[in-house]
Amino acid sequence: LYQLNDSFLQNIQQQWYAGAQTSVEKSQWEAAAQQWFLGSQINQLSGYESFEYVDTILGCTHFIDSLLIKYGKSLQVLHGDYKYYSLMGLPLTHLGNLKPNQPLVVSLPNWQYTDIRPDWMAVLDECTEKNIDIYIDMAWMPVCRDIQLDLSHPRIQAFAMSLSKYSMEWNRVGLRWSRRRAMDSVAVFNHYQGAVNQGVYSCGYYIIQQLPRDYAWETYGLRHYDVCQQYNLTPSKAIHVAYQDRVPVGIANLLVNTPVSI
């Protein structure tokens with residue numbers, strides 16, 4: 001499922017390297033990034049006001065890895081979730097079989113559904129019953145539309161987003177929001193190492209100044225539906241994904257490179 005990557009996105013990278021860039025303070029980056037990530041006009045996130053502790057991360061895998069370092073194999077993952085979790089050796093668990101008092105990491109939007117998991121309310125109910133903390137990987141949120149998610153549920157402890165799904169793998173900087181301050185590798189990275197990686201978040205600041213938050217759907221939304229019509233696919237809520245017989249398939253290259261004639 002290749003990410004959207006066009007000449008506009010490529011030019012941001014080229015101009016960063018070609019120009020004389022300036023450093024920004026971490027607080028300046030984080031204030032601007034919060035507005036950018038949470039400022040979508042085509043998604044509805046609510047309840048994030050309680051997550052007052054904000055940290056810079058190097059992609060959502062940094063967020064995931066910090067959980068792995070802290071919790072190890074006790075970190076739980078549901079069937080049908082992001083393959084990265086199982087590649088790191090985490091066993092997959094069916095809903096209804098979650099272990100009490102052990103944290104859960106979950107990706108929303110989910111890659112298979114390009115939306116909130118259809119069993120999300122049941123996940124919340126089981127985690128409430130079993131005292132399970134929830135950590136949400138929102139890597140796909142920046143390139144999705146019509147996502148509605150209430151983060152106010154007390155079992156949700158943190159969530160994270162990054163720039164990676166805009167083909168910014170060359171600078172995957174992002175943010176983690178936490179309900180309360182906890183000691184982990186992300187906290188150490190942010191609070192005990194001074195201006196480490198200032199170039200990374202200075203670049204992130206530059207990117208979000210150039211890149212409209214909802215660029216993907218504002219630019220390629222109509223084309224997404226045209227491609228789906230031409231190739232007999234079902235549209236999804238992620239710009240780079242469609243469905244063929246309920247199986248997600250990548251259409252990013254078709255959006256950018258292939259003429260569509262309906």
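Colleague: Which residues line the second largest pocket?
Modeller: This is a predicted model, where local features need pLDDT of at least 70 and side-chain atom pairs count only at pLDDT 80 or more, while totals for chains, interfaces and linings use all residues. Residues are numbered from 1 along each chain as its sequence is written, and side-chain values use heavy atoms, without hydrogens and water. A pocket is an open set of points on a 1 Å grid over the protein atoms alone where a 1.4 Å probe fits, with protein on both sides within 12 Å along at least five of seven lines; lining residues have an atom within 4 Å of a point. The lining consists of Leu 1, Tyr 82, Ser 107, Pro 109, Asn 110, Trp 111, Asp 137, Met 138, Ala 139, Trp 140 and Lys 165.

Colleague: Which element supplies the largest share of the lining of the largest pocket?
Modeller: Among the 15 lining residues, Lys 70, Tyr 135, Gln 157, Arg 180 and Ala 182 are the closest to the pocket's centre. Strand E8 (156–162), strand E9 (173–178) and helix H3 (60–71) each give at least two residues to this lining. The largest share, five residues, belongs to H3.

Colleague: Which strands stand at the edges of the open sheet?
Modeller: The sheet has three strands in the order E10-E11-E12, paired antiparallel; a strand is a DSSP run (E) of at least two residues, and a pair needs at least two bridges. Thr 234 stands opposite Tyr 243 in E11. Two strands have a single partner strand each, so one side of each lacks a neighbour in the sheet: E10 (234–235) and E12 (247–250).

Conventions: Helices (H or I, at least four residues) and strands (E, at least two) are DSSP runs, numbered from the N terminus.
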